[in-house]
Amino acid sequence: MSEAATMPDSNTPAGMLEADLVKRAQRGDLKAYDELVKRYQQRIYATLYHMTGNHEDANDLAQDAFIKAYAALKSFKGGSTFYTWLYRIAVNKTINFLKQRKNKYHLSLNDIDFNAEHDPDLMALISDKTPTRDVALAELQKKLNEALLKLSEPHRMVIVLHDVQDLSHDEIAEIMGCNIGTVRSRLFYARQQMQGHLTEYIKNV
Amino acid sequence: MSERGQNFDDLKKLLKLKRHEVPPPGFFNQFSEEVVARIRAGESRNAHSLADRLNDQAPWLVSFLRLFEAKPGIVGGFATSLCLLMLFGVVLAERSETGPKNIFTAAADGQAAATAVETSATPQFAANTLPAEGGITISTNASLQPVATLFGQSAAASLFQPASFAPAH
């Protein structure tokens, strides 16, 4: 394949810079906004899924967050990155939803992809639990999600954003509107709680 | 707070499993389309709600506009009457530019008529408003402003008395 064929065309939304897409979307260009949605849909959905433990809720919340972001796009002045701003909307929406739902939750978990069975770290943790890997993984998945849902929303959010989504402390602080010290202390507390809930899988507690 | 004395390595390994949870195949192919479709639906719903609000706040306007729906005869008649009204206004404005001059000339020629107006209307009004004792009465009856001044004529040639200052007794 030639280099020209692999280079994204800067005249199409797919090849545009984020800032240009945002400007276009602010002027009502839905094609530009569609491209922005495509760029961030997986990360936003994943965060909301890990927070709710429910695919349908995560889907609804992610759609609502993108729609709300579009409606509020004119108020976006570029003080932060679009990505952080979008995350903040999604996170606030989800925390409000979870507060309304209180402790009543219904797990609707996604399937685990094929690669999980070949992850040596995971296999080392479950190998001596059950004879078949898929059963062991399914059980671990359920226990993991239940343990996450036992955390308060801010603690769950911090551990999801940091340990699952790989966001930095700075980014999490900006998204959650708190300082880095708070992020660190919440992360520490959340990990302690999680370890307590998952003792049977964690050897060196 | 730090992670001293705590080993979270195994927990981090366990949490890696979360990254392997994936939505149904093709889920993200439809996602952005659904978002954009909902945005478009919301925009059209807002447009409809504007019509609804107009219906609530000014139903007479809505029923008036409905008169024109699929009735070209009424639309044409309304437009014609508007044009005629505008034309009439233009003609009237042109005539009024010359009209007051003629009136004034006629009034100057017939001095008796003007005097009759002065003596019969304005002084009577001034006498009625004169205070019984003390103070100054200012009579500035705007409705009695000479018509001629409105059309660039001098006040000296006025048919009406503009204002009167009556000293106190």
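1. In which helix of chain A is Tyr40(A) found? The model is a predicted one, and in it Tyr40(A) belongs to helix α3 of chain A. With 20 C-beta neighbours inside 10 Å, Tyr40(A) counts as buried, because the cut-off for burial is 20 or more. Once its neighbours within four places in sequence are left aside, Tyr40(A) is in contact with Tyr83(A) and Leu86(A). Tyr83(A) is 43 residues away from Tyr40(A) in sequence, yet the two C-alpha atoms are 7.6 Å apart in space.

2. Helix α2 (residues 18–26) of chain A and helix α3 (residues 30–52) of chain A have axes that come within 7 Å and cross at roughly 135°.

3. Thr47(A), His50(A) and Met51(A) of α3(A) make the contact with Arg156(A), Met157(A), Val160(A), Leu161(A) and Val164(A) of α8(A). The residues of the contact of α3(A) with α8(A) divide into 5 nonpolar, 2 polar and 1 charged.

4. In soluble globular proteins, nonpolar side chains tend to be buried together. Here the largest nonpolar core has 59 residues, and those with the most contacts inside it are Leu48(A), Ala62(A) and Ala90(A). Helix α3(A) gives the most to this core, with 10 residues. Which residues does Leu48(A) contact, leaving aside its neighbours within four places in sequence? Leu48(A) is in contact with Ala58(A), Leu61(A), Ala62(A), Ala90(A) and Thr94(A).

5. One loop residue in chain A has a backbone angle that a reader may wish to look at. Phi of Asp166(A) is near 65°, which is a positive value in a residue other than glycine. Asp166(A) lies in the loop between α8 (153–164) and α9 (169–176) of chain A. With 9 other C-beta atoms within 10 Å, Asp166(A) is exposed, because 12 or fewer is the cut-off for that class.

6. Chain A as a whole comes to 10 helices and 1 strand, and along the sequence these elements follow the pattern α-α-α-α-α-β-α-α-α-α-α. Buried residues make up 37% of its 205 residues. Among contacts in chain A between residues at least 6 apart in sequence, 60% join residues at least 24 apart.

7. Chain B has 7 helices and 3 strands, which run α-β-α-α-α-α-α-β-α-β from the N terminus on. Of the 169 residues of chain B, 6% count as buried. Among its contacts between residues at least 6 apart in sequence, 51% join residues at least 24 apart.

8. The last point is the contact between the chains, which takes 28 residues from chain B and 42 residues from chain A. The elements of chain B that give two or more residues to the side touching chain A are α1 (9–19), β1 (21–22) and α2 (27–57). Of these, α1(B) gives the most to that side, with 10 residues. By class, the side of chain B that touches chain A has 13 nonpolar, 5 polar and 10 charged residues.

Key: Residues numbered from 1 in each chain as written. Chains lettered and ligands numbered in written order. Predicted model: local features only at pLDDT ≥ 70, side-chain atom pairs only at ≥ 80, totals over all residues. Axes fitted to C-alpha atoms, helices over the stretch in contact; angles between N-to-C directions. Helix = DSSP H or I, 4+ residues; strand = E, 2+ residues; numbered from the N terminus. Core = buried A, V, L, I, M, F, W, Y, C linked by C-beta atoms within 7 Å. Contact = placed C-beta atoms within 7 Å. Nonpolar A, V, L, I, M, F, W, Y, C, P; charged D, E, K, R; others polar.
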